[in-house]
Amino acid sequence: MAAYVFTPPTQATLSIAGTSELFPVHRVYCVGRNYAAHAVEMGHDPDKEPPFFFQKNPDNLISDAKEFPYPKASSDVHHEIELLVALKSGGEDISVEDALNHVYGYAVSLDMTRRDLQGQMKKMGRPWEIGKSFEMSGPSGPIVPASKIGHPDQGAIWLKINDELRQSGDLNQMIWKTAEMISILSTLFTLQPGDIIMTGTPAGVGPVERGDRMHGYVEGVGDLHLTVT
């Protein structure tokens, strides 16, 4: 029998609200510039761009953390509050009409970004991983099953820093809706159970500093509280 040359890493997981069960994470797909106002603040025209995607690593998602350690190699780390979608099944060429049947549930998450490093990569036309895929860059709350809350398509999404509102929007402002994102992704990849989709962030992204208290909220899904350390 074949043996591993070293002990495999622990499976990346997210907690599930109200249970002791864990959701095993397969891949993490992130949708770029999916709120029009955020696309504009980043210098782009949302009316002229098709959806695009980048990835985080599964173990970048940290479930139920209370602290976000300020990452090394950066002096400009930004918050991006997001609705996270967790898939229970997958496939290829999934229709928009069938897409939501593949969703297990939803969570509140943050796409923390080393903006200075991301900016350098943009200028050189290089991939963004150095700015997006660092350790603990995806702190997330527990997944709330869709069987309990349905499929949120409207409602407040916001982030406060030290009780000051920084980001504010509504899920109905997403350019590409959840079902559309699943369908489009399934034409590019074979989606699998355990896949995660981070659905983009509203306007108002900005820097955090050590000691800041972050409070993220998605209506109908829950809250996320973290301190930057």
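1. Helix α6. Helix α6 spans residues 178-188, and its buried residues are Thr178, Ala179, Met181, Ile182, Ser183, Leu185 and Ser186. Buried here means under 20% relative accessible area, exposed means over 50%, and partly exposed lies in between, with a 1.4 Å probe and protein chains only. Helices (H or I, at least four residues) and strands (E, at least two) are DSSP runs, numbered from the N terminus. The buried residues of α6 pack against β3 (28-31), β4 (53-56), β8 (81-87), α2 (96-99), β9 (103-110) and β15 (196-198).

2. Basis of the model. This is a predicted model, in which local features need pLDDT of at least 70 and side-chain atom pairs count only at pLDDT 80 or more, while totals for chains, interfaces and linings use all residues. Residues are numbered from 1 along each chain as its sequence is written, and side-chain values use heavy atoms, with hydrogens and water left out.

3. Overall form. The protein has six helices and 18 strands. A compact globule of 229 residues would have a radius of gyration near 17 Å, and the 17 Å of the protein agrees with this. That radius is taken over C-alpha atoms, and the globule rule is 2.2 Å times the number of residues to the power 0.38. Along the principal axes, the C-alpha atoms fill a box of roughly 45 × 45 × 40 Å. Of the 229 residues, 48% count as buried. The accessible surface is about 10,900 Å², and 52% of this belongs to carbon and sulfur atoms; such areas come from the Shrake-Rupley method with a 1.4 Å probe, and for residues only the protein chains shown count as cover.

4. Contacts along the chain. A contact means heavy atoms within 4.5 Å. Among contacts between residues at least 6 apart in sequence, 75% join residues at least 24 apart.

5. Nonpolar cores. A nonpolar core is a set of buried Ala, Val, Leu, Ile, Met, Phe, Trp, Tyr and Cys residues joined through side-chain atoms within 4.5 Å. The largest has 39 residues, and those with the most contacts inside it are Leu110, Met112, Ile182, Ile197, Val208 and Met214. At least two residues of this core come from each of β3, β8, β9, β13 (156-161), α6, β17 (213-218) and β18 (222-228). A second, separate core of 16 residues includes Ala12, Val25, Ala107 and Met198. Apart from neighbours within four places in sequence, Ile182 is in contact with Leu87, Ile94, Ala99, Val103, Leu191 and Ile197.

6. Strand β8. Seven of the seven residues of β8 are buried, so this strand is largely enclosed by the rest of the structure. Ile81, Leu83, Val85 and Leu87 point one way, while Glu82, Leu84 and Ala86 point the other way. In a regular strand the side chains alternate between the two faces of the sheet. Two strands count as paired if DSSP finds at least two bridges between them. β8 pairs with β9 in the antiparallel sense over seven bridges, and Ile81 stands opposite Leu110. β8 also runs antiparallel to β15, joined by three bridges, with Leu84 opposite Met198.

7. Five-stranded sheet. An open sheet of five strands has the order β6-β18-β17-β13-β14, with mixed pairing. β6 (67-68) and β14 (164-170) are the edge strands, each with a single partner, so one side of each is left without a neighbour in the sheet. β17 and β18 run antiparallel and are joined by six bridges; the bridge partner of Tyr217 in β18 is Asp223.

8. Three-stranded sheet. Another open sheet has three strands in the order β10-β7-β16, with antiparallel pairing. Its edges are β10 (113-114) and β16 (206-207), each with a single partner strand, so one side of each lacks a neighbour in the sheet. Strand β7 (residues 77-79) pairs with β10 over two bridges, and Val77 has Arg114 as its bridge partner.

9. Lys132. Lys132 lies in helix α4 (residues 129-132) and is buried, with a relative accessible area of 2%. Its side chain and that of Thr113 are joined by a polar contact of 2.9 Å. A polar contact is a pair of N or O atoms within 3.5 Å; within protein, one must be able to donate a hydrogen and the other to accept it, and residues adjacent in sequence count only if both atoms are side-chain atoms. Beyond neighbours within four places in sequence, the contacts of Lys132 include Phe54, Glu80, Asp111 and Ser137.

10. Ala73. Ala73 is in the loop between β6 and β7 and is exposed, with a relative accessible area of 60%. Leaving aside neighbours within four places in sequence, Ala73 is in contact with Arg114 and Leu117. Ala73 and Ile130 are 57 residues apart in sequence and 9.7 Å apart in space, C-alpha to C-alpha.
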